[in-house]
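Have your viewer open and try each task before reading on.

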Amino acid sequence: MLVGAVLLGLAALTSAASAETIPLPTPAPLPKEGVPPPPAASQNPLSGLASGFKSLFNLDKQPDQAAAPATTPANAFNATQRAQVDKVSTYLSSVQQLVGNFVQVGPDGARVKGEFYMQKPGKIRFEYEPPSRIEIVADGQSVIVRDRKLATQDLYPLSQTPLRFLLSDRIDLLRETNVVAVRADDTFVTVTIEERQPLIGTSRLMMMVGAKDYQLKQWTVTDPQGYDTTVAVYNLDSSKKVDPGLFKIDFTNYGTPPG
């Protein structure tokens, strides 16, 4: 989702993908394959993480507030656009596990990077590189944001995050989500999903896949306050077996901060 997921990003990818030409929201040299962009010199990575992970998972939603039903009819798109969305749906449904690297750009423009592990349905783990002390784990039902230094974690329902669409075992975007935009050029096909929450507002998940290989390159979550968090993924491997223990949420060793 999210990648997420993350969230949780976080889709079925079949081979190593290049992050080059990905339009990350801050002006900087774009990363070559396997080489993440350098952190912005004027930004604090911890600050960027703190401002970004809630937007990444859209965790300001209330868990008991259901999203409004889809309002954009499929016939709002032409045949080419519908075919493109169907290809994205097929792709997102095709691979059940994935490991790789990511670069996250938070609402304040700060960048953090790390590794992620995905296992469908609904499981994702983000491990941020130092100096970050944060881990994000989804076990199929819940999402936790864990602070390793303080030994604390916050718990949220996975159903709150639009990254659940990326973590679904099977997905038909036109039937099961509210697709509001489909755009394509020689490099990317971009599909935008919108959710409207009573009393909270509207959030969006924008997914970008390669125009030729239909592999996910990045996603952006826009929270109801209008803040964007973008995640670009690379060095992807869908053949590597993922340890199920990576997605276990420990409710015993994480509680109140040490006194």
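**Exercise 1.** Is Ala151 buried, partly exposed or exposed?

*Solution.* This is a predicted model, so start by locating the residue in it. Ala151 sits in the loop that runs between β5 (142–147) and β6 (152–157). Next, take its relative accessible area, which is 23%. Buried would require a value under 20%, and exposed one over 50%. Ala151 is therefore partly exposed. While you are there, check the backbone: phi of Ala151 is near 55°, a positive value in a residue other than glycine.

**Exercise 2.** Where is Asn235 placed, and what is its phi?

*Solution.* Asn235 belongs to strand β11 (residues 228–237). Its phi is positive, about 55°, although Asn235 is not a glycine.

**Exercise 3.** Find the peptide bond between Lys120 and Pro121, and the one between Pro130 and Pro131: is each cis or trans?

*Solution.* Read omega for each bond in turn. For Lys120 and Pro121, omega is about -5°, and the bond is cis. Pro121 lies in the loop between β2 (111–119) and β3 (123–128). From Pro130 to Pro131, omega is near 10°, and this bond is cis as well. Pro131 is found in the loop between β3 and β4 (134–139).

**Exercise 4.** Which residues do ring pairs link into a cluster?

*Solution.* The structure holds three aromatic pairs. One of them joins Phe102 and Phe126, with 5.2 Å from centre to centre and 85° between the planes, an edge-to-face arrangement. This pair links distant parts of the chain, since Phe102 is in strand β1 (residues 97–105) and Phe126 in strand β3, 24 residues apart.

Phe102 lies in strand β1 and Tyr128 in strand β3, so the pair ties together parts 26 residues apart in sequence. Tyr128 is buried, at 4%. Put together, ring pairs link Phe102, Phe126 and Tyr128 into a cluster.

**Exercise 5.** Where is confidence lowest, and where is it highest?

*Solution.* Begin with the whole chain, whose average pLDDT is 74, with 68% of the residues scoring at least 70. Then go element by element: the lowest mean, 47, falls in helix α1 (residues 45–57), and the highest, 96, in strand β7 (residues 179–184). Finally, note that pLDDT stays under 50 over residues 1–51 and over residues 61–69.

Methods
Residues are numbered from 1 along each chain as its sequence is written. This is a predicted model: local features need pLDDT of at least 70, side-chain atom pairs count only at pLDDT 80 or more; totals for chains, interfaces and linings use all residues. Side-chain values use heavy atoms; hydrogens and water are left out. pLDDT is the predictor's confidence in each residue, from 0 to 100. Helices (H or I, at least four residues) and strands (E, at least two) are DSSP runs, numbered from the N terminus. Contact means heavy atoms within 4.5 Å. Buried means under 20% relative accessible area, exposed over 50%, partly exposed in between (1.4 Å probe, protein chains only). Rings of Phe, Tyr and Trp (its six-membered ring) pair if their centres lie within 6.5 Å; planes under 30 degrees apart count as stacked, over 60 as edge-to-face and the rest as tilted.
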